[in-house]
Amino acid sequence: MEMTKWLDVDGTLLVDQPLPSDDLLRTMYAEMKRGRMIDTKMYKMQRQGRMALVAPVSGQEAIQVASALVLSQEDWIAPSYRDSVATMLHGMPLAQIIRYFKGYSDGGSPPEGVNVLPIQIIIAAQMLHAVGIGFASKIKGENAKTLTFFGDGATSQGDFHEALNFAAVHKLPVIFVCQNNQYAISTPLSKQMNTETVAERAKAYNMAYEYVDGNDVLACYDVMQRAYEKANEGPVLVEAVTYRLGPHTTSDDPKKYRTDNEEALWQMRDPLVRMQKLLAAKSLWDEAFEKRIEERVSEEIEQVIEEIESTPPPSLADMLGKVYETPPPLIQEQIDGLRGQS
């Protein structure tokens, strides 16, 4: 299957196609850089004991930025735990991402008007939720589309096949984006499936598909624009071939299952480096531009963290109180006891 590519690893254009505007090119890079900086900060905070767990996203910024940029405000994202770059670009506040990984019960909850589902940690479950939203949109006659992200490991789950089948049968406006980062924790792709690509599995459901270099933000943007239009007629499966540069989570050690040579090879395909080289060649990037991004994002991160860490986390009683709309007597008794009530 032919892979859509626009940029070589050295930032050289491989296609004779009109580029997005200069402003959009800079936005693509700036949002990928923002995601990388936030990810790096959160990883360090977890190592300092200031976060419970982090699922690093570094290396996968291109497909997430490109995907979010094609969406309109009425569209939905059903994310997994590694999709903060896309969800923040679609309106999820950084504070809610940080609160989630710090273990706050309200973390990951979107504000009113932001069409992003709470972060889903159960592998592939968000795909079923995306299909449900897509079905509801179709029944209500809305124009909204739903986009859901998942990893290559999720394609081994029954939910993956059930979601694709239902969406295809009912011709739902859902875009399924597989971030194929080569590993389901430590299990390589070769031990998960016997097909050459994830994308070709769409043929079994007679649905549209795309296959793209997930570390090439221009190719991703091109593919996601096509997928967005195709979703008017039914679901689309997009496979973005990428790589997580860090561990699966902060409890994982990728050195136990990945070689230094493999990691070095993928470092050369870093989506930020490739885009930076293109921008520099077009006189759209310089050290001053980079510094402005770093200063703005650093200020944003530090301000949000200071606000969160200066306020007490939710109490256990508050957390229990959110499990049920009307707690049953036994749970209410526990809540009252935690609050010191008889």
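Analyst: In this predicted model, Ala, Val, Leu, Ile, Met, Phe, Trp, Tyr, Cys and Pro count as nonpolar, Asp, Glu, Lys and Arg as charged, and the others, Gly among them, as polar. By that division, the lining of the largest pocket has 9 nonpolar, 10 polar and 3 charged residues.

User: What is the volume of the largest pocket, and which residues are closest to its centre?

Analyst: The volume is about 300 Å³. Of the 22 lining residues, Y81, R82, I123, G151 and H248 are the closest to the centre.

User: What makes a space a cavity rather than a pocket, and how many cavities of 30 Å³ or more does the structure hold?

Analyst: In a cavity a 1.4 Å probe fits but cannot get out, whereas a pocket is an open set of points. The structure holds 2 cavities of 30 Å³ or more.

User: Which residues line the largest cavity?

Analyst: The lining consists of P79, S80, Y81, D83, S84, T87, M92, I97, F101 and I119. The elements α3 (84-89) and α4 (94-101) each give two or more residues to it. By class, the lining divides into 6 nonpolar, 3 polar and 1 charged.

User: Which residues line the second largest cavity?

Analyst: Here the lining is D39, M42, V54, A55, V57, Y81, S84, I97 and F101. Two or more residues come from each of α1 (22-47) and α4. The classes are 7 nonpolar, 1 polar and 1 charged.

User: Why is W266 called buried?

Analyst: Buried means under 20% relative accessible area. W266 has a relative accessible area of 10%, so W266 is buried. This residue is found in helix α8 (residues 260-267).

User: With which residues is W266 in contact, leaving aside neighbours within four places in sequence?

Analyst: Contact requires heavy atoms within 4.5 Å. On that basis W266 is in contact with Q182, N215, V241, T242, Y243 and L245. As for G59, it is 207 residues from W266 along the chain, yet the two C-alpha atoms are separated by 8.8 Å.

User: How do you know that the buried residues of α12 are on the same side of the helix?

Analyst: The buried residues of helix α12 (residues 329-338) are I331, I335 and D336. They cover an arc of only 140° around the axis, and therefore lie on the same side of α12. P329, L330 and E333, on the other side, are exposed, a word that calls for over 50% relative accessible area.

User: Against what do the buried residues of α12 pack, and what follows the helix?

Analyst: They pack against α11 (316-321). After α12 comes G340, with a positive phi near 75°.

User: What makes a set of residues a nonpolar core, and which residues touch the most other members of the largest one?

Analyst: The members must be buried residues of the listed nonpolar types, joined through side-chain atoms within 4.5 Å. The largest core has 67 residues, of which I175, L218, V238 and M275 touch the most other members. Another core, of 25 residues, lies apart from it and includes A168, A202, Y205 and M207.

User: Which residues does V238 touch, not counting those up to four places away in sequence?

Analyst: V238 touches I175, F176, V177, C178, E210, V212, V223, M224 and A227.

Methods: Residues numbered from 1 in each chain as written. Predicted model: local features only at pLDDT ≥ 70, side-chain atom pairs only at ≥ 80, totals over all residues. Heavy atoms only, no water. Buried < 20%, exposed > 50% of the residue type's maximum accessible area, 1.4 Å probe, protein only. Helix = DSSP H or I, 4+ residues; strand = E, 2+ residues; numbered from the N terminus. Arc of directions from axis to C-beta. 1 Å grid on protein atoms, 1.4 Å probe; cavity = no way out; pocket = protein on both sides within 12 Å on 5 of 7 lines; lining within 4 Å. Points joined across faces, edges and corners; volume = space filled by probe spheres on them.
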